[in-house]
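Subject: Structure handover

Hello,

Here is the structure I promised to pass on. Please open it first, then read the notes below.

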Amino acid sequence: MKSIDRSLFDASFVEEVIAYLREAHGVRAWVADNDNTAVPSAPAETGAMPYVRYYPIGSDPGIGGIKCAAADEGTLVRAEPHVLFGIKGINQLLLRETELQQTSDEMLQLSEQLSFLFKLAQKTIGVNELEEFCRIILEVTAPAVEADHGIVRTKGRWDQKMEILYRIDEEELARLTREGLDRIPVEDSTIIYSLSDGTSVLRFPIKEKDGPIGHFAFFRKPARRFFTSYEKKFAGIIEHIISPTVETIRLFGSLQELYINTVKALAAAIDAKDEYTHGHSYRVAKYSNAIGRQMGVSEKQLNDLEIAAYMHDLGKIGVPESILGKPGKLTAAEFEEIKKHPALTNKILQPIRLPAGIVDAAVQHHERMDGRGYPYGLKGDRISLFARIIAVADVFDALTSKRPYRDAMPVEKALHTLYEGIDTEFDREAVQAMVCAFRSKETDMGWTRIHPDFRFSDEGRLDEFLAGLAERIHPGGNAEKPAEQANA
Ligand SMILES: [Fe+2]
């Protein structure tokens with residue numbers, strides 16, 4: 001049972017009222033529960049005071065009140081305005097304390113929510129893959145709402161269906177479905193419902209302008225308590241934050257993919273402008289991938305590297321064809337025109353918010369290790385690693401391709417030319433990785449035959465040549481196991 005004693009943080013005002021009634025009006029007063037039973041603060045001896053009145057406190061009937069006793073009724077009647085005045089004061093005090101309690105509860109909830117949202121923001125910052133984003137939300141939210149399982153179902157890029165499970169296997173999912181998981185269609189709001197076996201479900205939609213495109217659902221096993229309205233409110237906050245983000249990632253992803261395909265098509269079109277550079281961007285992308293792989297670049301980063309390689313000469317679209325396709329030596333003025341193409345590539349790529357690494361790699365592929373390259377004159381490792389890789393791939397492809405004024409250089413000679421440019425034009429590790437990639441069996445199955453112009457000085461002794469070159473690049477290096485060495 002509630003009592004004033006327990007409802008008031010500070011009961012000294014009640015004690016003052018009781019003391020005042022006794023001293024000024026001869027009334028014996030004490031705190032009583034609503035059923036008129038005296039709480040322990042009541043005086044034991046009231047036998048000489050047969051007249052008793054009860055004054056409830058607060059709007060909650062369970063809280064109790066003040067009981068007043070006197071020797072005659074006149075005393076009680078005279079004291080009543082003072083009793084009521086005291087009750088009014090106590091009521092105000094109670095109200096203030098209730099508000100204070102509510103505020104402190106709300107602040108506690110708010111601080112829990114803020115710390116959760118902060119954690120969420122920290123984990124999702126920079127994530128631009130829809131699946132990864134949804135997985136993080138699922139994995140961070142499930143423990144926060146004390147769920148046993150969770151699921152997210154949404155439309156992915158190009159509207160294909162995406163489903164991610166949290167601590168739930170296909171069998172369990174089938175069981176939940178049988179128990180009525182999908183019996184309530186996904187609507188605009190956050191809801192709590194239960195399945196026929198008593199599993200409690202908390203579900204919130206992922207919304208786009210035209211309505212829900214998916215939902216997050218969290219489950220509590222039948223033996224546990226149901227989700228509460230507080231948890232529902234909390235899920236509503238999460239929904240408000242993530243829905244616009246999911247939409248952005250979905251649309252941005254689609255646009256990015258569309259743009260990348262457009263750029264690839266554009267790169268192919270640039271290559272096709274000149275029969276002698278046909279397939280150049282494609283081959284540079286493949287060589288770059290092989291070099292990057294040898295250097296231990298991760299699978300996801302290899303993808304970025306390949307995209308950058310596809311785009312490396314995009315800016316050539318702005319260079320006159322008469323200069324691009326000119327047989328023989330360029331004049332100084334013509335070379336100046338050619339040198340503008342990385343800046344033009346930058347201009348084309350800037351608006352699509354690609355990861356900075358991709359743009360840097362494409363724009364810096366004519367920088368040299370000695371700082372004598374263009375467009376910025378960057379030196380050594382100030383040049384992006386991907387740009388250093390693309391530079392090697394780019395020159396290798398140029399050397400091993402036919403030109404109107406010369407034949408394709410044999411592979412060995414081209415690799416040797418790269419070797420001679422180490423530390424002045426090319427990155428040592430990137431050249432070594434190119435040589436190692438050539439020796440790797442994995443590569444041999446793939447890109448060593450992608451170029452119709454490939455010819456060799458002495459293919460029978462190619463491996464011997466490559467091993468010798470690798471040894472010259474890194475004397476004492478383990479030339480027998482190129483891939484492992486590069487990845488170490
Ligand atoms: Fe270029």
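How many residues does helix α13 have, and how far does α13 reach from its first C-alpha to its last? Helix α13 (residues 385-399) has 15 residues and reaches 22 Å. That is close to the 21 Å expected at 1.5 Å a residue, where the expected span is 1.5 Å times one less than the number of residues.

Two notes before the rest. This is a predicted model: local features need pLDDT of at least 70, side-chain atom pairs count only at pLDDT 80 or more, and totals for chains, interfaces and linings use all residues. Residues are numbered from 1 along each chain as its sequence is written.

Some terms. Helices (H or I, at least four residues) and strands (E, at least two) are DSSP runs, numbered from the N terminus. A residue is buried if 20 or more other C-beta atoms lie within 10 Å of its own, exposed if 12 or fewer, and partly exposed in between, with C-beta atoms placed from the backbone. Residues are in contact if their C-beta atoms, placed from the backbone, lie within 7 Å.

**Helix α13**

Of the 15 residues of α13, 12 are buried, so α13 is largely enclosed by the rest of the structure. Among them are F386, R388, D394 and F396. The buried residues pack against α7 (280-294), α8 (299-311), α12 (356-363), α14 (411-420) and α15 (428-439).

**The sheet**

Three strands form an open sheet in the order β1-β3-β2, with antiparallel pairing. Strands β1 and β2 stand at the edges with a single partner strand each, so one side of each has no neighbour in the sheet. Neighbouring strands are turned by 20 degrees against each other on average, direction ignored. Helix α2 (residues 12-25) packs on the sheet and touches β1 and β3. The direction of α2 makes about 150 degrees with that of β1. Axes here are lines fitted to C-alpha atoms, for helices over the stretch in contact, and angles run from 0 to 180 degrees between N-to-C directions.

Strand β3 (residues 65-70) is mostly covered: six of its six residues are buried. Pairing needs at least two DSSP bridges between the strands. In β3, G65 is the bridge partner of A32, I66 that of Y55, and K67 that of Y54.

**L176**

L176 lies in helix α5 (residues 170-178). L176 is buried, with 20 other C-beta atoms within 10 Å.

Best wishes

Note on methods: Contact = placed C-beta atoms within 7 Å.
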